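Biologist: I would like to go through this structure with you slowly, one question after another. Could you begin with the terms we will need?

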Amino acid sequence: MGEVFSIFWDTIKDLAASSGLANLDWKSGIMILISFVFMYLAIAKQFEPLLLLPISFGMLLTNLPEAGMYHPELWDGVTNINFGDILHEGGLLDILYLGVKLQIYPPLIFLGIGTMTDFGPLIANPKSFLLGAAAQAGIFLTFIGAALLGFSAAECGSIAIIGGADGPTAIFVSSKLLAGGGFKISTGTIALAAYTYMALVPVIQPPIMKLLTSKKERAVKMPQLRAVSKTEKIIFPVAVTLIVALLVPSAAPLVGMLMLGNLIKESGVCSRLVDTAQNALMNIITIFLGISVGATTKADKILNIEFAEVILLGVFAFCIGTACGVLFGKIMYKVTGGKVNPLIGSAGVSAVPMAARVSQKVGAQTDPTNFLLMNAMGPNVAGVIGSAVAAGILLSII
């Protein structure tokens, strides 16, 4: 009887020693609490819930001790992926993370975005391209700022792309530049910062817009945009793909898939493909992308001074991008004799359609009869293309 009890007791002790509670350290505990905060923001405050909720739950799963769902050692220091090790030794999150490392998920997200985007306002007012380009200045200025703080070129590029206010683009760039490990930050760090600031667009942008514009400028009413023909809408994605891919080949995966989705939509002959890309495919990839990015937020990658620097540089990038868009809008206001409302320049960041709605809201606060939404959508969709091109430039030079 005593021997049976001894065996039973040893078994209990072994189970206790191998349990998650016995192996939970304070860093993992803090990360689990942070994941709860992000879940709250996603559910209660609706801050980018479609991606922030999967990311936060992935953060929870990866920091659960002894769960064995994600193994950083399979990725750190790896330049060429060993698929055999990942398939035999990896957990569920390691398998899903392949879609990030192989740059599959972000282009597929862009495919879905393309089927939901109307480039009509941009085609009707091509000058919007300039506003979308101006808003990308935050990316390149932040690159310099990150370099001054001692980050490597790859880390600088990954941090700078946050200024594009485009989560999939930030993930695409950082997963390429931070491949091989040995860096102070991770793709998860970049994704968290990018989606946090995307969710805070309505909070961050209005004070900057009001600070840089006068009441007279904010009250400018812009004329209704011309109607865009179906032929123009079909030619546009093909032309943009050719031009961008020939000038900046590294941007082709993102821009190409964005324009493919838009061409499928505008052709009018692929309704089933449009429905799949907008709904089933988009939803599946969003879940996989979010949870696998969340898996990279291990405690040692988040609880350090570098993460705080990324957060600060991210808000700097976003604020500078917004300011540059508005300032270029002021230049266009002067050049056109007061026909362009500078507020639409803030929509040049790539947060579609949230940034355009903010332009509309701030303009309506000055004059409730002012309707800027459609004019702001031109720079907004131009910003999507601009951030993808900026990503290609960063990948080309680093």
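Modeller: Before we start, please keep in mind that this is a predicted model. A residue is called buried when its relative accessible area is under 20%, and exposed when that value is over 50%.

Biologist: How many of the eight residues of helix H11 are buried, and which helices do the buried residues pack against?

Modeller: Helix H11 covers residues 153-160, and it is largely enclosed by the rest of the structure because seven of its eight residues are buried. Among these buried residues are Glu155, Cys156 and Ile159. The helices against which the buried residues of H11 pack are H10, H12, H13, H20 and H22.

Biologist: Is Thr169 buried or exposed, and which residues does Thr169 touch?

Modeller: Thr169 is part of helix H12, which runs over residues 167-177. Its relative accessibility is 1%, and because buried means under 20%, Thr169 counts as buried. Leaving aside residues up to four places away in sequence, the residues that Thr169 touches are Phe110, Ile161, Leu254, Ser387 and Ala391.

Biologist: Which residues make the nonpolar surface patch, and is Leu87 buried or exposed?

Modeller: The patch has an area of about 430 Å² and is made by Phe83, Leu87, Ile95, Leu102 and Ile104. Of these, Leu87 has its place in helix H5, residues 83-89. With a relative accessibility of 56%, which lies over the 50% cut-off, Leu87 counts as exposed.

Biologist: Where is Gln46, and is Gln46 buried or exposed?

Modeller: Gln46 lies in the loop between helix H3 (26-43) and helix H4 (49-62), and although it is not a glycine, it has a positive phi of about 55°. Because its relative accessibility is 60%, Gln46 counts as exposed.

Biologist: What is the phi of Gln103, and is Gln103 buried or exposed?

Modeller: Gln103 sits in the loop between helix H6 (92-101) and helix H7 (105-116). Phi of Gln103 is near 55°, which is a positive value in a residue other than glycine. As the relative accessibility of Gln103 is 18%, and the cut-off is under 20%, Gln103 counts as buried.

Conventions: Residues numbered from 1 in each chain as written. Predicted model: local features only at pLDDT ≥ 70, side-chain atom pairs only at ≥ 80, totals over all residues. Heavy atoms only, no water. Helix = DSSP H or I, 4+ residues; strand = E, 2+ residues; numbered from the N terminus. Buried < 20%, exposed > 50% of the residue type's maximum accessible area, 1.4 Å probe, protein only. Contact = heavy atoms within 4.5 Å. Patch = residues over 30% accessible without salt bridge, like charges linked within 9 Å, V, L, I, M, F, W, Y side chains within 5 Å. Areas by Shrake-Rupley, 256 points an atom, 1.4 Å probe, with all protein chains shown as cover. Salt bridge = Lys/Arg side-chain N within 4 Å of Asp/Glu carboxyl O.
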